[in-house]
Amino acid sequence: MVRLVFVAEPEEPTYDGIPALINKINHWADERNLKQADPKIQWMRVTEEVGEIRDVLLKPTKFTEPQAALKDAIGDTLVTIIVLAHQLDLDVTECLGIAYEEIKNRNGKDGKWNIRQRGRFIMSWQSQRFY
């Protein structure tokens with residue numbers, strides 16, 4: 001007798017968008033009393049996760065799956081920032097909106113940006129690339 005067994009690939013989880021994820025993360029933080037924790041400690045967690053992004057970008061060959069490691073590090077960084085905003089009673093969506101309002105009128109490409117305010121040139125910036 002031959003028995004066939006089918007193993008399904010695990011499906012990617014689906015979510016109702018970023019606002020729903022933010023709510024889930026805030027709820028998760030509340031369940032663990034992170035809202036009352038010291039924001040300075042949370043800030044150290046943010047920088048630790050940003051360091052993981054740096055590690056993957058600067059030394060991708062040290063990772064079996066650099067793309068998966070990068071997704072994980074960026075996701076972890078976002079979670080730590082969302083929790084930090086929650087601790088500080090800041091709406092992370094509002095914070096993101098404020099940041100977008102600051103950058104939306106910047107023009108440039110390839111890492112070179114000219115920043116104008118009220119139609120007047122105020123600053124030029126070029127990103128530095130490290131290899």
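Figure 1. The model shown is predicted. Histidine 86 belongs to helix H3, which spans residues 66–87. With neighbours within four places in sequence left aside, the contacts of histidine 86 are Asn26, Ala29, Asp30 and Lys35.

**Figure 2. The largest nonpolar core.** Eight residues make up this core: Ile22, Ile25, Ala29, Leu34, Ile82, Val83, Ala85 and Val92. H1 and H3 are the elements that contribute two or more residues to it. In general, nonpolar side chains of soluble globular proteins tend to be buried together. Among the core members, Ala29 is also a contact of histidine 86. Alanine 85 touches Leu90 and Val92, when residues up to four places away in sequence are not counted; of these two partners, Val92 is listed in the core.

**Figure 3. The largest pocket and its lining.** The space in this pocket is about 450 Å³. Its lining consists of 18 residues, and those nearest the pocket centre are Ile18, Ile22, Leu78, Ile82 and Val92. Of these, Ile22, Ile82 and Val92 are also listed in the largest nonpolar core. Helices H1 (18–31), H3 (66–87) and H4 (92–103) each supply at least two lining residues. H3 gives the largest share, with seven residues. Sorted by class, the lining holds 16 nonpolar and two polar residues, and no charged ones.

**Figure 4. Asparagine 33 in the loop between H1 and H2.** Asparagine 33 is located in the loop that lies between H1 and helix H2 (39–58). Its phi is near 55°, a positive value in a residue other than glycine. The relative accessibility of asparagine 33 is 53%, so this residue counts as exposed; the class requires a value over 50%.

**Figure 5. Aspartate 89 in the loop between H3 and H4.** The loop between H3 and H4 contains aspartate 89. Although not a glycine, aspartate 89 has a positive phi of about 55°. Aspartate 89 counts as exposed because its relative accessibility is 61%, with the cut-off for exposed set at over 50%.

Note on methods
Residues are numbered from 1 along each chain as its sequence is written. This is a predicted model: local features need pLDDT of at least 70, side-chain atom pairs count only at pLDDT 80 or more; totals for chains, interfaces and linings use all residues. Side-chain values use heavy atoms; hydrogens and water are left out. On a 1 Å grid over the protein atoms alone, a cavity is a set of points where a 1.4 Å probe fits but cannot get out, and a pocket is an open set with protein on both sides within 12 Å along at least five of seven lines; lining residues have an atom within 4 Å of a point. Grid points are joined across faces, edges and corners, and a volume is the space filled by probe spheres set on the points. Helices (H or I, at least four residues) and strands (E, at least two) are DSSP runs, numbered from the N terminus. Ala, Val, Leu, Ile, Met, Phe, Trp, Tyr, Cys and Pro count as nonpolar, Asp, Glu, Lys and Arg as charged, and the others, Gly among them, as polar. A nonpolar core is a set of buried Ala, Val, Leu, Ile, Met, Phe, Trp, Tyr and Cys residues joined through side-chain atoms within 4.5 Å. Buried means under 20% relative accessible area, exposed over 50%, partly exposed in between (1.4 Å probe, protein chains only). Contact means heavy atoms within 4.5 Å.
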